[in-house]
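Colleague: I am new to this structure and would like a close look at a single part of it. Please begin with the chain as a whole and then go to one residue.

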Amino acid sequence: MKRQFIILFFLACSLSVVSQNYASFDELKSNIISKTIPLISAEALKEVENTKVPLMVLDAREEIEFNTSHVKGAKHVGYDYFEIEELKSIDRETTIVVYCSVGYRSEKVGEKLKKAGFKKVMNLQGGIFDWVNKGLP
């Protein structure tokens with residue numbers, strides 16, 4: 001009982017801090033992303049998917065999240081245990097779009113990809129949450 005109370009207390013404090021510092025979820029998203037990787041909207045990604053542009057979509061969430069739902073055709077790479085070596089056979093000129101839930105983890109994976117020499121790396125703006133909210137599969 002004491003443990004449950006402590007967990008609830010910390011959860012309430014966390015929610016209080018978030019609600020005090022950010023007026024909306026959009027503001028929260030914009031404050032946790034540094035924009036070190038160019039952003040691409042869900043609509044723009046959907047348009048690119050319908051072209052012949054070489055494209056790879058990477059999911060930077062953890063395996064349990066990926067198994068729950070993911071963008072069709074996405075490759076799971078994770079975040080905590082992301083290994084750049086898994087992508088060594090990919091042409092450095094391939095357009096790569098990385099996503100997670102809202103954009104933080106995907107931005108960090110994107111930074112690693114840029115550092116490894118990938119030239120066309122983008123972060124899905126708003127992550128899979130925005131993708132789904134736009135009604136995309």
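What percentage of the 137 residues in the protein chain do buried residues make up? And where does Asp59 lie, and which residues does Asp59 touch, leaving aside those up to four places away in sequence?

Modeller: Please keep in mind that this is a predicted model. Of the 137 residues in the protein chain, 34% are buried. The chain exposes about 8600 Å², and carbon and sulfur atoms supply 58% of that area. Its secondary structure consists of six helices and five strands. Read from the N terminus, these elements follow the order α-α-β-α-β-α-β-β-α-β-α. Among contacts with a separation of 6 or more, 70% are between residues 24 or more positions apart.

Now to the single residue. Asp59 is part of strand β2, which covers residues 55–59. Asp59 counts as buried because its relative accessibility is 0%, and the cut-off for buried is under 20%.

As for its surroundings, residues up to four places away in sequence are left out of the list of contacts. With that limit, Asp59 touches Phe66, Ser69, His70, Lys75, His76, Val77, Gly78 and Tyr99. Tyr99 also takes part in a polar contact: its side chain and that of Asp59 are joined at 2.6 Å.

In short, Asp59 is a buried residue in strand β2, with a side-chain polar contact to Tyr99.

Conventions
Residues numbered from 1 in each chain as written. Predicted model: local features only at pLDDT ≥ 70, side-chain atom pairs only at ≥ 80, totals over all residues. Heavy atoms only, no water. Helix = DSSP H or I, 4+ residues; strand = E, 2+ residues; numbered from the N terminus. Buried < 20%, exposed > 50% of the residue type's maximum accessible area, 1.4 Å probe, protein only. Contact = heavy atoms within 4.5 Å. Polar contact = N/O pair within 3.5 Å; in protein donor to acceptor, adjacent residues only side chain to side chain. Areas by Shrake-Rupley, 256 points an atom, 1.4 Å probe, with all protein chains shown as cover.
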